[in-house]
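Here is a short tour for anyone meeting this structure for the first time. Have a look around before reading on.

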Amino acid sequence: LEIGRVYRAREQHDVARLVLDKALLLLDDDATALRAQVLNERGLLELDRGDTQAAFEAFEGAIAIHPTYKPARMNMGSVLLNAGDYSGAAEQYQAVLQSDDGDVDARVANGIAMRGQGDHRAARRAYERVLRDLPEHPDALFNLGVLRAEFLDQRPQSREQFEAFLRVAPRRHPSRERAEQYLQEIPAPRAAGGGGGGGS
């Protein structure tokens with residue numbers, strides 16, 4: 001498993017697949033937890049290779065033998081989310097939350113799935129619950145901003161979330177560019193009492 005991860009990190013995908021397949025052959029039938037880890041890693045490898053269907057099948061296999069293995073459910077949810085299957089994604093994230101209600105990544109992802117299904121109130125609750133405990137959680141800030149800007153008719157107010165997101169998000173966060181674009185499109189509020197006088 002670890003050697004397969006090394007080869008995947010090196011982008012030697014064919015060798016990584018051979019190593020992970022060998023790991024599956026070496027495992028005893030009752031080693032379900034470790035088998036789920038190998039299948040999950042193989043799913044990530046298939047995503048790297050661009051084969052979403054093979055990745056889906058690997059994550060599905062991991063979940064089938066180890067239903068409470070969170071990484072496989074989170075990865076399956078991500079695949080379904082990207083495919084536009086918001087209901088299926090929500091099912092995976094909610095399964096994670098049933099076993100670990102405090103998983104903030106699952107809560108944010110479930111909020112995205114709820115938004116995709118049109119349940120904007122549930123999405124907002126999911127993000128705000130995370131932010132009550134972790135006020136600087138980048139993904140919760142960004143997604144609450146998107147929700148307010150695009151779905152709740154609160155575009156001016158969403159600026160606050162995007163500004164906060166840019167203050168705390170890592171420099172290479174994939175949503176930084178979108179947040180910056182939102183801030184360019186949303187006018188900054190005028191300063192209170194900034195009246196007029198003066199001529200040119």
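Where is the place of Asp153? Asp153 sits in the loop between H9 and H10, where helices are DSSP runs (H or I, at least four residues) numbered from the N terminus. Its phi is near 55°, a positive value in a residue other than glycine. Asp153 also counts as exposed, at 76% relative accessibility; here exposed means over 50% relative accessible area, buried under 20%, and partly exposed in between, with a 1.4 Å probe and protein chains only.

Glu11 has a positive phi too, about 65°, although it is not a glycine. You'll find Glu11 in the loop between helix H1 (2-9) and helix H2 (13-26), and it is exposed, with a relative accessible area of 63%.

## What you are looking at

This is a predicted model, in which local features need pLDDT of at least 70 and side-chain atom pairs count only at pLDDT 80 or more, while totals for chains, interfaces and linings use all residues. Residues are numbered from 1 along each chain as its sequence is written, and side-chain values use heavy atoms, with hydrogens and water left out.

## Helix H9 and its cover

On to H9, which has 13 residues and reaches 18 Å from its first C-alpha to its last. That is close to the 18 Å expected at 1.5 Å a residue, the expected span being 1.5 Å times one less than the number of residues.

H9 is mostly covered, with eleven of its 13 residues buried. Among them are Pro138, Phe142, Asn143 and Arg148. The cover includes H7, helix H8 (120-133), helix H10 (155-168) and helix H11 (176-185), going by contact, which means heavy atoms within 4.5 Å.

## Arg159, tucked into H10

Arg159 belongs to helix H10 and is buried, at 14% relative accessible area. Its side chain reaches the backbone oxygen of Leu183 at 3.0 Å. Leaving aside residues up to four places away in sequence, Arg159 touches Leu183, Ile186, Pro187, Ala188 and Pro189.

## Who lines the largest pocket

The lining of the largest pocket draws at least two residues from each of helix H5 (70-82), helix H7 (104-116) and helix H9 (138-150). H7 gives the most, with five residues.

Technical notes. Polar contact = N/O pair within 3.5 Å; in protein donor to acceptor, adjacent residues only side chain to side chain.
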